[in-house]
Structure formats: structure tokens, C-alpha cells
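Good morning, and thank you for joining. I shall take you through one structure, from its core to its sheet and its charged pairs.

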Amino acid sequence: CVADRISLINHLNRIYGYKDYLEIGTRNKSDMHNRIDAKSRTSVDPDPKAGADYCVTSDEFFANNSKKFDLIFIDGLHTGEQVYRDIDGALEALNPGGVVLLHDLNPPTAFHAREHYEVDGDFPAWNGTSWQGYARHRAESPNLEMYVVDVDWGVGFVRPGRQICYPKVVSDYGDLERDRVSILNLITVRDFLRRHPSKRLKRSAWDPLLSRF
């Protein structure tokens with residue numbers, strides 16, 4: 001078992017008995033179905049090549065959606081403004097006790113956090129400005145529980161709850177570089193597992209990983 005976004009999703013699905021999974025931003029629907037352990041899987045992506053259940057933008061999907069989900073994973077358009085709206089849309093579509101996870105919230109360099117994916121005809125590693133949308137909620141939303149797990153480019157965790165907000169909205173990468181831990185509320189994989197320990201199994205598939213973090 002390798003610590004990444006998929007293993008975090010499946011860990012939460014298993015210990016909380018989540019059954020209804022929604023993925024915003026699906027490059028390959030068959031890959032999602034093969035890797036995500038959930039009874040019901042719904043995918044959204046405006047690119048027809050992705051083969052998603054809903055070939056629409058996340059804004060369109062949330063505006064017309066009436067279904068509720070247990071776990072929603074956001075990995076769509078990597079801009080701060082879109083991620084901010086996607087968090088709001090996901091929270092509206094969340095079942096009581098559910099959670100929202102997000103990808104690409106901890107860009108290691110300013111280059112990774114650039115606004116555009118393409119660079120001189122190539123597509124190097126890219127996290128975009130996703131972190132900005134998350135950081136805005138960190139400053140504006142005391143009614144949420146929010147943190148980022150320091151793994152796989154930064155996996156964000158959001159659900160209704162309480163938090164001490166970051167004192168200001170930040171959008172410059174220099175701010176993130178200077179105060180990354182506080183802005184993101186960055187935690188380790190070990191901390192994540194302490195917050196969400198296995199309850200149903202005598203031995204978690206995560207146990208062999210603990211010594212690595």
C-alpha cells in the first residue's frame with residue numbers, strides 16, 4: 001500500500017463505510033472504477049475523451065445536481081477561483097458526515113504553481129493555482145475543518161466543522177513559501193492516520209506504512 005490520493009480516499013471509504021463517491025476531473029473513468037473502492041462512482045469532466053458520466057464543467061454539474069455523496073474528490077480545473085467554487089459546490093452536495101478531498105494543494109515551487117499548464121509546447125509537472133482557492137476558504141470559513149496531507153502534491157481535506165482561520169487571504173506564491181504550514185494547515189500522513197484510525201479491522205493496511213512517516 002503506497003500513500004497517495006487513492007489510498008487516502010480508499011482508507012476513508014473503508015473506515016467510515018462511504019458508498020457514494022464523486023470525482024470532479026476524471027482523466028480516465030475506467031481507471032477510477034478500477035482503483036476507487038466504493039459502491040457507487042460518479043465522474044464529471046468536460047473533456048469527451050475522459051469518458052465521464054457527466055461531460056460538463058463542474059459548475060454546470062453542481063448547478064443541476066440533486067444527488068448527495070459521501071466523498072467528493074476535486075481534481076478538475078487547477079485555478080484558484082475554480083477550486084474555490086468547487087469546494088462550495090461539493091459541500092452543498094455532501095451527505096452528513098461526508099468529506100471533500102482535493103489534489104495539488106502543495107506545489108513545491110513557483111514553477112509548479114504557475115497559472116498555465118503548457119510551457120513552450122510541453123506539459124511539465126503542474127499543480128496550478130489550486131492552492132489559492134483552498135487558502136481563501138482557510139481565511140474565510142470558520143465553519144469548516146481543513147488541512148492538507150503532505151503527500152502526492154498535497155491532498156486537501158475539507159468538511160463542515162470548526163477551524164481557526166488564517167488571518168488573511170493570500171494568493172501570491174511567495175506568501176505560501178514563507179508560511180506554508182500555517183496557510184495549508186499542513187499535516188503528515190502519520191497525523192492523518194491518527195485522526196482517522198481504522199475502526200473496523202484489527203489490522204489496517206496502513207500499519208506497515210507508519211514507520212515511513
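By contact I mean heavy atoms within 4.5 Å. This is a predicted model, in which local features need pLDDT of at least 70, side-chain atom pairs count only at pLDDT 80 or more, and totals for chains, interfaces and linings use all residues. Residues are numbered from 1 along each chain as its sequence is written, and side-chain values use heavy atoms, with hydrogens and water left out.

Let us begin with Val158. Leaving aside neighbours within four places in sequence, Val158 is in contact with Ile87, Leu91, Val99, Val100, Leu102, Tyr134, Leu144, Glu145 and Met146. Val158 is also one of the residues that touch the most other members of the largest nonpolar core, which has 31 residues; Leu22, Ile72 and Leu102 are the others. Such a core is a set of buried Ala, Val, Leu, Ile, Met, Phe, Trp, Tyr and Cys residues joined through side-chain atoms within 4.5 Å. Buried means under 20% relative accessible area, exposed over 50%, and partly exposed in between, with a 1.4 Å probe and protein chains only.

Next, the sheet. Helices (H or I, at least four residues) and strands (E, at least two) are DSSP runs, numbered from the N terminus. Two strands pair if DSSP finds at least two bridges between them. Here 7 strands form an open sheet of mixed pairing, in the order E2-E1-E3-E4-E6-E5-E7. Strands E2 (40-44) and E7 (186-187) stand at the edges with a single partner strand each, so one side of each is left without a neighbour in the sheet. E4 and E6 pair in the antiparallel sense over 3 bridges, and Leu101 has Phe157 in E6 as its bridge partner.

Which residues of H4 are buried? They are Gly80, Gln82, Val83, Tyr84, Asp86, Ile87, Gly89 and Ala90. Their cover includes strand E1 (20-24), helix H3 (58-64) and helix H5 (130-140).

A salt bridge is a side-chain nitrogen of Lys or Arg within 4 Å of a carboxyl oxygen of Asp or Glu. The whole structure contains 11 salt bridges. In one of them, Asp152 and Arg5 bring their closest N and O atoms to 2.7 Å. This pair links distant parts of the chain, 147 residues apart: Asp152 lies in the loop between E5 and E6, and Arg5 in helix H1. Glu145 and Arg159 form another, at 2.6 Å from N to O. Arg159 is partly exposed, its relative accessible area being 21%. Lastly, a network of salt bridges links Asp59, Glu81, Arg85, Arg136 and Glu140.
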